[in-house]
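Me: I'm new to this one and would like to learn how to read it. Could you walk me through it, one feature at a time?

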Amino acid sequence: MAIWNLGSINADMVYSMPHLPAAGETLAALRLDRFLGGKGANMSVAATRAGSEVHHIGAVGPDGVWAIERLKAYGAGTDHVSQVETPTGHAIIAVEPEGENQIILFPGANRVLNSEQLEQALSQASGGDILVMQNETNLQAEAAQLGRRMGLRVCYAAAPFDADAVQAVLPYLDFLILNEVEAQQLQQDTGKTPGELGVKDVIITLGSKGARHIDGETGAVLDVPALPVTAVDTTGAGDTFTGYVLSGLDQGLAMAEAMAQASRAAALMVTRHGTADVIPELAEVQAARF
């Protein structure tokens, strides 16, 4: 099958800092790196490196040709990435030595996708393919509705979190992935626990505690532990996990197997500085010793 990703494409400007700046503080960076990023691009690269056929649906500005070429070099399909006049999205990321980060995001071209582009791309999808979205582009609700009508497996990674954005796609979802804080926020807004949302599969990532799968039909809970590593940069770890989970399911793995493999990929990724460019290949993940 294939994975269709309505996803953001960003230039990640990563500043290595002695510590994260406090309010009003001016602080010199120790280093600057530019990486391919955006939750969408990260997930496309992760799913591609995990072995799936991935088609990215997105946009860049006149300054973003390098990002298309980078995605293409990593094996992701870029036929449905358009070039527009709005500048390419970018993120300014401050990272301290322990790996924690602060991020300023400029959406740019990620928010000017049009319905014709979306419909043209998904017209080439087949029933049973996976459609994944995040909250860094427009057209999320339209894509979810279209995916449901086409018989795609519709997945939503609820970040950056916005309760209204989640609830707009919720009726059409087969799969919801969010972190522990986002799960609490969504429960406050809906009055429902993750298992009561009517979504067949819900995964809650729990940071150093691992991840939890909740079967929305049976209520069964599956916990997958995190692996002990020394993180140097946690940026993109959740995206790596999501891309690997979806790829595992796409390739026929059981949920427990897909989550365990994704946990290994995310653990390996946080030991490296960068985002999409440092997501590990499947062979690395399988060979890694923790």
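Predicted model: local features only at pLDDT ≥ 70, side-chain atom pairs only at ≥ 80, totals over all residues.

Me: Where is Met 255 found, and which residues does Met 255 touch?

Reply: Neighbours tell you what surrounds a residue. Met 255 sits in helix H8. Leaving aside residues up to four places away in sequence, Met 255 touches Phe 175, Asp 201, Ile 203, His 213, Leu 222 and Leu 249.

Me: How many residues apart in sequence are Met 255 and His 80, and how far apart in space?

Reply: For that you look at two separations, one along the chain and one through space. Met 255 and His 80 are 175 residues apart in sequence, and their C-alpha atoms are 29 Å apart.

Me: Back to H8, then. At what angle do H7 and H8 pack?

Reply: Read a helix pair by its angle and the distance between axes. Helix H7, residues 237-250, packs with helix H8, residues 255-269, at about 150 degrees, and the axes are 8 Å apart. The crossing of this pair is right-handed.

Me: Which residues make the contact, and how many are nonpolar, polar or charged?

Reply: List the residues helix by helix, then sort them by class. On the H7 side they include Phe 241, Tyr 244 and Leu 249, while Met 255, Ala 262 and Met 269 are among those from H8. By class, the contact has 12 nonpolar and 4 polar residues, with no charged ones.

Me: Now zoom out. What does the radius of gyration say about the chain?

Reply: You set it beside the value for a compact globule. For 290 residues that would be near 19 Å, and the protein chain has 18 Å, so the two agree. The C-alpha atoms fill a box of roughly 50 × 45 × 40 Å along the principal axes.

Me: How many helices and strands does the chain have, and what share of its residues is buried?

Reply: The chain has 9 helices and 13 strands, and 54% of its 290 residues count as buried. Among contacts between residues at least 6 apart in sequence, 64% join residues at least 24 apart.

Technical notes. Residues numbered from 1 in each chain as written. Heavy atoms only, no water. Axes fitted to C-alpha atoms, helices over the stretch in contact; angles between N-to-C directions. Helix = DSSP H or I, 4+ residues; strand = E, 2+ residues; numbered from the N terminus. Left-handed = near helix turned anticlockwise from the far one by under 90°. Contact = heavy atoms within 4.5 Å. Nonpolar A, V, L, I, M, F, W, Y, C, P; charged D, E, K, R; others polar. Rg over C-alpha atoms; globule rule 2.2 N^0.38 Å. Buried < 20%, exposed > 50% of the residue type's maximum accessible area, 1.4 Å probe, protein only.
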